Amino acid sequence: MRFIDMRFFAQRAALIFFLGVASVAAHAQSLARVCPKAHETTQEHLIGLWRAEFTDLPGATLLLWQHPELAASVRGQVNRNGERADLAGDVDEGEFTLEESVNGVNISATWLGDVVEGSCGREIRGTWRREGQAREYEFVLRKQ
């Protein structure tokens with residue numbers, strides 16, 4: 001009888017240990033989704049309200065949502081003191097690309113940047129360039 005009790009105890013202990021390890025693994029995966037590394041950032045992390053600060057330009061507000069036709073992309077609008085433009089873009093392995101269009105047809109500006117490591121996908125730094133112009137402006141996007 002004593003042998004059965006010890007085996008029962010050992011089985012319970014192993015089960016508790018396994019459940020504990022599984023719980024820790026699930027928690028780690030959950031944290032990875034909540035705070036992704038730069039290269040793990042997806043379009044899901046881009047969805048929402050962002051504030052853009054530029055070097056030598058006034059700031060802007062961006063609202064991004066899931067692209068209705070492209071699963072790995074976003075759509076949205078940028079607002080610069082009441083002047084709006086359409087946006088479409090994505091993030092791939094931490095590299096951010098966003099195209100801006102004032103008329104909804106032609107690309108009027110391009111945003112190229114990188115998700116900042118350690119920002120949990122909430123900060124992007126790069127350059128913004130108006131189509132047809134050589135000058136680039138540095139930007140910092142921060143999720144609100």
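Which residues of the largest nonpolar core touch the most other members?

Modeller: Bear in mind that this is a predicted model, in which local features need pLDDT of at least 70 and side-chain atom pairs count only at pLDDT 80 or more, while totals for chains, interfaces and linings use all residues. Numbering runs from 1 along each chain as its sequence is written, and side-chain values use heavy atoms, with hydrogens and water left out.

Now your core: L62, W111 and L141 touch the most other members among its 23 residues. By nonpolar core I mean a set of buried Ala, Val, Leu, Ile, Met, Phe, Trp, Tyr and Cys residues joined through side-chain atoms within 4.5 Å. Buried is under 20% relative accessible area, exposed is over 50%, and partly exposed sits in between (1.4 Å probe, protein chains only). Two or more core residues come from each of β1 (48–54), β2 (60–66), β3, β4 (83–92), β5, β6, β7 and β8. As a rule, nonpolar side chains tend to be buried together in soluble globular proteins.

Around that, eight strands close into an antiparallel barrel in the order β1-β2-β3-β4-β5-β6-β7-β8. From one strand to the next, the twist averages 30 degrees, taken between N-to-C directions on a 0 to 180 degrees scale, with axes as lines fitted to C-alpha atoms. Strands here are DSSP runs of E, at least two residues, numbered from the N terminus, and two of them pair if DSSP finds at least two bridges between them. Take β6 (residues 109–115), which runs antiparallel to β7 and is joined to it by seven bridges. One example is L112, whose bridge partner in β7 is T127.

S108 is buried because its relative accessible area is 17%. Leaving out residues up to four places away in sequence, S108 touches E100, S101, V102, R130 and E131, a contact being heavy atoms within 4.5 Å. The C-alpha atoms of S108 and R130 are 5.9 Å apart, although 22 residues separate them along the chain.

E100 pairs with R80, with 2.7 Å between the closest N and O atoms. That pair links distant parts of the chain, 20 residues apart: R80 in strand β3 (residues 74–80) and E100 in strand β5 (residues 95–101). E100 counts as buried at 3% relative accessibility, whereas R80, at 21%, counts as partly exposed.

E123 is worth a look too: R125 bridges to E123 at 2.8 Å, and R142 meets E123 at 3.3 Å, N to O. R142 lies in strand β8 (residues 136–143) and E123 in strand β7 (residues 123–130), so their bridge ties together parts 19 residues apart in sequence. Through shared partners, E123, R125 and R142 form one network. Within it, E123 is buried at 15%, while R125 at 41% and R142 at 36% are partly exposed.

As for confidence, the mean pLDDT of the chain is 87, and 77% of residues reach 70 or more; pLDDT is the predictor's confidence in each residue, from 0 to 100. Residues 21–28 stay under 50 and have zero contacts beyond four places in sequence.

Note on methods: A salt bridge is a side-chain nitrogen of Lys or Arg within 4 Å of a carboxyl oxygen of Asp or Glu. Helices (H or I, at least four residues) and strands (E, at least two) are DSSP runs, numbered from the N terminus.
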